[in-house]
Amino acid sequence: MLVAVPEPEDMLRDASLRVTRPRVAALDAVRTHPHADTDTLTRAVRTKLGGVSTQAVYDVLAALTAAGLVRRIEPAGSPARYDARVGDNHHHIVCRGCGTIADVDCVVGARPCLQAADDHGFVIDEAEVTFWGTCRDCRSDRISGDTATARSESDS
Ligand SMILES: [Zn+2]
Ligand SMILES: [Zn+2]
C-alpha cells in the first residue's frame, strides 16, 4: 500500500492529542521499530530526547494506544509490543523460538474474521488472531543443533 505517511505531529493533532516531544519521539519509534517492546522503544526515545523516564514512555505509549495511533499487542508469554499499523485488522505470526513477530494480512478479503458465527449481540470491531510457529532462523538453528555444529554465520 503506497499511502503517504503522515508526520507524527499531524497524527497527534488529528487525534486531538497535544503535540509533545515525547509523543512525537514515541510515535516515531513505534514506526521505525515495528512490534518493538517497551524497552526497545524507551531506548529509541532516549536516543532522541535524552533523559526520559521509563514511566513517561509507558504513559506516552498508553496515550497513543488509547487514541488509536498505535496498537498494543500482547502475544502470550511475551511483553507487550507496539505496532504502528492500526485499523487494518492485520494479524501476527510469532516465532516460538525467538519471539520474532511478522505481520500477516487477512487471508481472504477484508476483515473476514469479524464475522463471528454468533456475535452475542456485541458490535465487534476487532478480531485478534495470532499464528504461532518457528521462524526460518530458529529452524536452521535446530537443524545445525542436531549435528552439534555451531550456527553458520554465512547464511544470510
Ligand atoms: Zn525464531
Ligand atoms: Zn503488525
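## Strands and sheet

Two strands pair if DSSP finds at least two bridges between them, and helices (H or I, at least four residues) and strands (E, at least two) are DSSP runs, numbered from the N terminus. This is a predicted model, in which local features need pLDDT of at least 70, side-chain atom pairs count only at pLDDT 80 or more, and totals for chains, interfaces and linings use all residues. Residues are numbered from 1 along each chain as its sequence is written, while chains are lettered from A and ligands numbered from 1 in the order in which they are written.

An open sheet is formed by three strands in the order β1-β3-β2, with antiparallel pairing; its edge strands, each pairing on one side only, are β1 (36–37) and β2 (71–73). Three bridges join β2 to strand β3 (residues 81–83) in the antiparallel sense, and R72 has Y82 of β3 as its bridge partner.

## Helix α2

Helix α2 (residues 21–32) contains 12 residues and reaches 16 Å from its first C-alpha to its last, close to the 16 Å expected at 1.5 Å a residue, where the expected span is 1.5 Å times one less than the number of residues. Within α2, R23, A25, A26, L27, A29 and V30 are buried (20 or more other C-beta atoms, placed from the backbone, lie within 10 Å of the residue's own). The cover over these buried residues includes α1 (8–14), α3, α4 and β3, with contact taken as C-beta atoms, placed from the backbone, within 7 Å.

## Packing of α3 and α4

Helix α3 (residues 38–49) packs against helix α4 (residues 54–66) at an angle of about 105 degrees, their axes 10 Å apart; α3 and α4 are therefore roughly perpendicular to each other (65 to 115 degrees). The contact is made by T38, L41, T42 and V45 of α3 together with T54, V57, Y58 and L61 of α4.

Methods. Axes are lines fitted to C-alpha atoms, for helices over the stretch in contact, and angles run from 0 to 180 degrees between N-to-C directions. Angles under 35 degrees count as roughly parallel, over 145 as roughly antiparallel, 65 to 115 as roughly perpendicular and the rest as oblique. Two residues are in contact if their C-beta atoms, placed from the backbone, lie within 7 Å. A residue is buried if 20 or more other C-beta atoms lie within 10 Å of its own, exposed if 12 or fewer, and partly exposed in between; C-beta atoms are placed from the backbone.
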